[in-house]
Amino acid sequence: MPKDKQKKQPRPNAEPPRGFRDYVGGEVIRRQAMLATITEVYHRYGFDPLETSAIETVEALGKFLPDTDRPNEGVFAFQDEDDTWLALRYDLTAPLARFAAEHRQDLPTPFRRYATGPVWRNEKPGPGRFRQFYQCDADTVGSANPAADAEICMMLADAFEALGIPASDVAIKLNNRKILNGILETVAEGASEETAAAVLRTLDKLDKAGAEGVRQLLTTGRKDASGAFIPGVGLTDSQAEACLAFLMARRDDNAATLAELRQVVGASAQGIEGVEELEAMVALMDAAGYATRVLVDPSVVRGLGYYTGPVFEAELTFEITDEDGRLRQFGSVAGGGRYDDLVKRFTGQSVPATGVSIGVDRLLAALSAIGRDLGQASRGPIIVLAVERDRMPAYQAMATELRRAGIRAEVALGAANMGKQLKYADRRDAPIAVIEGPDEREQGIVQLKDLALGKRLSAEIETRAEWAEQPAQRAIARGDLVAGVRAMLADEDARQ
């Protein structure tokens with residue numbers, strides 16, 4: 001076929017895949033600043049950083065996300081040349097379990113680690129729901145002591161405080177899977193795992209369906225808002241009543257709630273053990289000064305299907321306006337709990353573990369909502385204009401002087417036209433442009449053009465005479481470049 005008749009390959013679309021996004025400039029800086037603040041708190045608690053591979057074997061990742069109907073649903077998986085199935089990690093906990101099992105002979109007990117990084121989930125994307133997102137985890141592996149769970153909660157509270165979120169706007173809520181297990185033992189002896197899972201899913205609908213709606217869903221079923229009938233779990237009325245008593249056991253303070261939970265679990269050994277674990281955690285946190293920052297709340301149900309003991313969730317209680325213009329609480333930004341069976345998959349022996357995961361994007365959005373955009377003040381670089389192209393070594397020397405003094409700087413390497421270089425400086429949000437042309441070089445000076453002040457003045461000054469008197473440009477001796485730039489930056493900071 002003649003070359004001119006060959007079908008041309010279509011150009012690729014210049015956009016990320018569906019469900020993915022790019023992070024640019026200030027977004028990255030804010031995330032890095034936030035994570036640095038959080039991990040500094042974790043470091044003070046004795047936790048060490050751990051970076052695991054982004055790719056694990058499918059076998060090591062184990063069970064993926066719930067409600068999957070096809071092989072590898074929920075993860076991005078591919079087959080290696082030796083036929084091993086590999087997948088991008090869907091969280092930071094499964095890789096930790098593999099690492100802890102692999103190095104169990106060398107690690108201290110307990111082993112404390114924190115980790116940050118992206119995770120990937122092969123799920124249907126939607127508004128604000130992406131297939132790649134960031135998590136920030138902290139876990140203790142090897143201790144069954146409730147103090148380990150309490151420590152995670154206290155550390156989380158301190159991290160929010162370090163980020164500038166008032167304690168009054170944070171609610172760390174506690175629950176325990178063993179309490180619900182005890183209730184199910186008492187009211188539905190011999191209930192299957194499927195029934196227990198269905199009960200958990202139903203209890204999690206309290207906010208949407210209300211207490212009566214949950215009661216109906218636990219028993220015979222109910223019609224939803226559209227009129228469609230939703231089958232019930234099949235519990236008896238008395239069994240449903242016991243589950244609701246657990247769900248609604250919260251009282252005015254932790255002591256009263258724990259006392260109510262003791263009544264609810266009755267003689268169940270597992271239920272009593274769950275209450276005692278919460279009592280121990282609350283006592284430890286109260287002794288450390290966190291009495292008003294944790295709340296025993298049995299309505300925290302999400303995650304109980306995964307965890308084996310204490311469960312904790314951090315909610316931000318300040319109000320925001322949602323997409324429909326209604327006021328609502330910001331909601332959950334972190335969750336965690338005890339998962340004593342995860343490492344056992346590798347070793348065959350039970351290894352206690354507890355931890356928490358922060359939704360990084362959610363927490364960044366919360367900080368923006370209260371005006372705490374960490375790292376946002378990072379300004380653009382100083383731009384050294386390349387007025388004479390054959391003088392590039394001299395301009396690079398100026399940029400180097402500024403960098404060695406700790407000042408961001410770069411040389412304009414694009415267009416030769418000075419006007420276009422200044423436009424480039426504006427797009428880079430540069431605070432200052434350094435200008436040295438033939439006249440300046442002959443006099444041994446450089447011009448410092450205050451671009452930030454110039455923008456403001458250009459909106460205020462109306463006459464040429466006023467502009468001639470404006471202070472947005474200064475001539476300084478070439479040898480005073482660093483001092484002159486620092487002085488101009490200080491003036492800009494004072495104007496903020």
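Modeller: N122 counts as partly exposed, because its relative accessibility is 22%; buried would be under 20% relative accessible area and exposed over 50%, with partly exposed in between, using a 1.4 Å probe and protein chains only. N122 lies in the loop between β5 (111-120) and β6 (132-141), where strands are DSSP runs of E with at least two residues, helices are runs of H or I with at least four, and both are numbered from the N terminus. Y90 is 32 residues from N122 in sequence, yet their C-alpha atoms are 8.6 Å apart in space.

Keep in mind that this is a predicted model, with local features needing pLDDT of at least 70 and side-chain atom pairs counting only at pLDDT 80 or more, while totals for chains, interfaces and linings use all residues. Residues are numbered from 1 along each chain as its sequence is written, and side-chain values use heavy atoms, with hydrogens and water left out.

Now V411, which sits in strand β15 (residues 409-411). V411 is buried, with a relative accessible area of 4%. Leaving aside residues up to four places away in sequence, V411 touches V384, A386, M392, Y395, Q396, A399 and R403, contact meaning heavy atoms within 4.5 Å. From D252, 159 residues away along the chain, V411 is separated by 63 Å between C-alpha atoms.

On to the rings: the structure holds five aromatic pairs, where rings of Phe, Tyr and Trp (its six-membered ring) pair if their centres lie within 6.5 Å, and planes under 30 degrees apart are stacked, over 60 edge-to-face and the rest tilted. One of them is F318 with F330, tilted at 5.6 Å centre to centre and 40 degrees between the planes. F318 belongs to strand β11 (residues 310-321) and F330 to strand β12 (residues 327-338), so this pair ties together parts 12 residues apart in sequence. Both F318 and F330 are buried.

Last, a helix pair. The axes of α4 (residues 146-162) and α10 (residues 269-287) come within 9 Å and cross at roughly 50 degrees; axes are lines fitted to C-alpha atoms, for helices over the stretch in contact, with angles from 0 to 180 degrees between N-to-C directions. That makes α4 and α10 oblique to each other, given that under 35 degrees is roughly parallel, over 145 roughly antiparallel, 65 to 115 roughly perpendicular and the rest oblique. On the α4 side the contact includes P146, C153 and M154, and on the α10 side M281 and L284 are among the residues involved.
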